[in-house]
Amino acid sequence: MAEPAEEKEKKGLDIGLEKGVSKLTPEKIEQTINDVLDKECGPRFKTYVETCIHCGLCSEACHYYLSHDNDPRFSPVGKVKQTIWEMLRKKGKVNGEFIKRAAEITHTECNLCKRCAMYCPFGIDIAYLMTVVRRIIHKLGCTPQYIQDTAHSHSVHYNQMWVKGDEWPDTLQWQEEEAQAEIPTLRIPLEKEGAEIMYSVIAPEPKFQAQLIYQAAVIMDQAGVDWTMPATVGWDNSDMAMFTGDSELMGRLKRAHFETAARLKVKRIVMGECGHAFRSVYDMGNRWLGWQMPPIPIVHAIEFYAEILRAGKIKVAKKFSRPVTLHDPCNVVRGGGLHEDARYVTRQLCETLVEMHPNREHNYCCCAGGGVINCGPPYKMKRIEGNRVKAEQLFAAKARGAEVLITPCHNCHSGLHDIVHHYGVGLEIKFFGDILYEVMEKPEG
Amino acid sequence: MDERSNWDWEPGARTVADLNQWKEQYVWVEEPYVRPDGEAVAAIVNVDEGEFTVCVNGSPWEENTYEKIWHLRYLADGRLFAIISEMGEWTVSLDGAPWETKFGYVWNPIFTEDGRSVAVSFQQDMQYGMALNGHCWESTYPTMTNAALSPDGRHTAAAVQVASIGEADIQTFQQGCFTVAIDGSPWEQTFVNVWNMAFSPDGSRLAAEVRLNLYEYTIAVDGVAWNSVYNTVWEPVFHPTDGSVLAPVRLGGKWWLYCDGKPFWDPSFVQLWHPTFSSDGRRLAAVVAPKFGRWTVALDGKPWSATFRDMVTDLVFSPDGSRLAALGKEGPAWKVAVDGRVWDNAFDMAWQPVFSPDGRRVAAKVERSGKYTIAVDDRLWGRQCDAVWHPVFSPDGKRMLIRAVENGEFVRHVISVADIAG
């Protein structure tokens, strides 16, 4: 394996936790915990807490637990025991150090990936219990600095990377111009009311991955899709507020997203290759606002690519020849059931799929999701060391011939980049869009 | 007198322009936009590589071409608006006449209802401000969001950043670095966040959603926050005549409608947004979710019995305020609902209903299977078009202007409303 990543863990340097905890009083902690538990946690919470028989069968599900040689402190039930159970047992009478540790556990030692829910004999959603703790941490003002900063970006600009109002349409127009060098008549239609589809992305795309917008535009153009992108807020489908426990901000973001689509009179929203955003628009944010399901259907990129390939709207000129392995992102596979679509797309685009094991809904998390990577540099090594098991899984796929790792999720992409780099796995990481763009039939440039 | 009185209301169909010819004339033709009176149709067209103009009824709107043109729209007063770019600079063009001032970038145009005032957000040297009818704010800011234009078209406002924030400096951010700037001048009070805002009808006052800290939200009017705070709030509205300010607020997991910081509607809802007054201010409606996953309209606090699973949008009162219409979505089906009664016809898409001047008729642009037509009182016009725009009633309400694209031609139809409604 390779040398450890250069960026060292900087424990104790998180001003979100340090300064947040320094302002707490025992009374504030007790009242906040009990307010959240009494006023915001209903039968679901009560059922989970009262149903758990402390059997520990969830432990084997957790990549942190497995990567730390079965250290029980990293087991899902261990995290529950160290956080919400203790808050309940002591009726909120815990101290600042406890809160700091609870923030670290829930924000940097759990990805909310929900693999443990499948291993629990009762199906207890332990990730939900972790989000309750995150909500308490938010209410106490002790959220880790970098993810809190991301939430601040959401609050100002309705996107996660401080992308300003002009920078968004300007970037789209720049990418349109770039793409016109390849396909002279290509357009990225802005504000086209009545289009079939609104395409939405997360802010890293305009910020530093603009080629993904370019590729999407080429795919849309060649597939003959009637599409548009908004020039207003509502374009960004990401949501770190969902992970900081700032539900009110989450609702604000999701309302903007769906109302933008409604304003544009589109019939569907197609979203790029992002997992957490799918969770936000398909499950969490929409429901906080009162929508049982997304009011305008959400189509994840995996599903969309499968759809246009099945319909023959995109033709593959020559399949991708290097053997690929496929990472199943938690939010769109355990949370959205898109694993078979992902395999269909892979087989349509690539000559050889080398399955990693476990896979589909049993796949290991990337260890970046759930807002963990957004907690930033102080926790980078913890995140990488907490997913040794993923490196082992990737090494095994590589040993069976895989050369390229497809990860149809932004957080997974970034997290697995760190894993691959740190452990020296030696797989090239790509989005589906990268490969689709590469292998599809396009006009001669 | 209603300007529409001067329009051609002679029944019949008249082809205004053949868009097919444009497609032969230009490299590509973008989405067409039509003048309110239906006498002109325009589209951004590509002349050559990196060269664009606007084609109006078959002719370019001016001699110059531009590197980029976007956001083409007809204003209510019949002027044609677009954002144009030349030599890397951006500005606004109205009827082909560019504003003298150029900017680093221009976006987010806002128009008054009568179309006589145009405001845009601009960026110049990474500072932000607004320009109203070509006149720019004297003060600019490092960040600007949530732009607004007063109904009388005389004032602009936006949320602006008035204190510097270092990278990832969450402490400074939470001290409150944002406020409202009106015509470029900031309020003295600062907030953690400032979001949607509303001007009073005469433009003299302004209300905004604000966040005092990460957990306390309220409404600030002319810089003064309501005395009460809430878990969160949605955008405020001014009463059309008495100056009071109303806003949906969330307390205890439910949404309530508050007026000047005090409860206004008795019932609470799972969701409540888009409070909308009739023009005389006597009636107030809002989109509400009376229970999780069901949506409807509440009129003066009382929800309609008809509910929809997915969405209710496009709330609109009749001119005299006596009637109320909205769109509802149930699965893929959009329906029109008027005074609580849901039309039998379902559509793949529907647009905001339009009342006749006397309020007796309701019309809407609708889409089925990729074809567009007009519905009046739940009955459909017989023609299926490639595109239509909002229907326009004649001042006496007896006739209707339908602007349509059929077989690539833009056609101006004037029909008797009775031809559809019976």
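Which residue takes a positive phi in the hairpin of strand 11 of chain B and strand 12 of chain B? That is where I will start, and please keep in mind that this is a predicted model.

The residue is B:G115, with a phi near 80 degrees. Six residues lie between the two strands of that hairpin. Strand 11 covers residues 105–111 of chain B, and it runs antiparallel to strand 12, with five bridges joining the two. One pairing to look at is B:F111, whose bridge partner in strand 12 of chain B is B:V118.

Now follow strand 12 onward. The hairpin between strands 12 and 13 of chain B has two residues between the strands. In this hairpin, B:D125 has a positive phi, near 55 degrees.

So much for the pairing; next, the burial of strand 12. Strand 12 of chain B spans residues 118–124, and six of those seven residues are buried.

B:L214 sits in the loop between strand 20, residues 206–211, and strand 21, residues 217–221, of chain B. Is B:L214 buried or exposed? B:L214 counts as buried because 23 other C-beta atoms lie within 10 Å, and the cut-off for buried is 20 or more. Apart from neighbours within four places in sequence, B:L214 contacts B:Q174 and B:V192, and also A:G141 from chain A. As for B:N231, which is 17 residues away along the chain, its C-alpha atom is 9.7 Å from that of B:L214.

That contact takes us over to chain A. Chain A is divided into domain 1 (24–140), domain 2 (158–309) and domain 3 (316–439). I will look at domains 1 and 3 of chain A, whose centres, taken over C-alpha atoms, are 28 Å apart. The contact between them involves 14 residues of domain 1 of chain A and 19 residues of domain 3 of chain A.

What supplies the domain 1 side? In chain A, helix 4 (63–67), helix 7 (96–108) and helix 8 (115–119) each give at least two residues to the side touching domain 3. Helix 4 of chain A gives the most, with four residues. By type, the residues on this side of domain 1 of chain A comprise six nonpolar, five polar and three charged.

Methods:
Residues are numbered from 1 along each chain as its sequence is written. Chains are lettered from A and ligands numbered from 1 in the order in which they are written. This is a predicted model: local features need pLDDT of at least 70, side-chain atom pairs count only at pLDDT 80 or more; totals for chains, interfaces and linings use all residues. A residue is buried if 20 or more other C-beta atoms lie within 10 Å of its own, exposed if 12 or fewer, and partly exposed in between; C-beta atoms are placed from the backbone. Two strands pair if DSSP finds at least two bridges between them. Domain bounds come from an automatic or database domain assignment. Two residues are in contact if their C-beta atoms, placed from the backbone, lie within 7 Å. Ala, Val, Leu, Ile, Met, Phe, Trp, Tyr, Cys and Pro count as nonpolar, Asp, Glu, Lys and Arg as charged, and the others, Gly among them, as polar.
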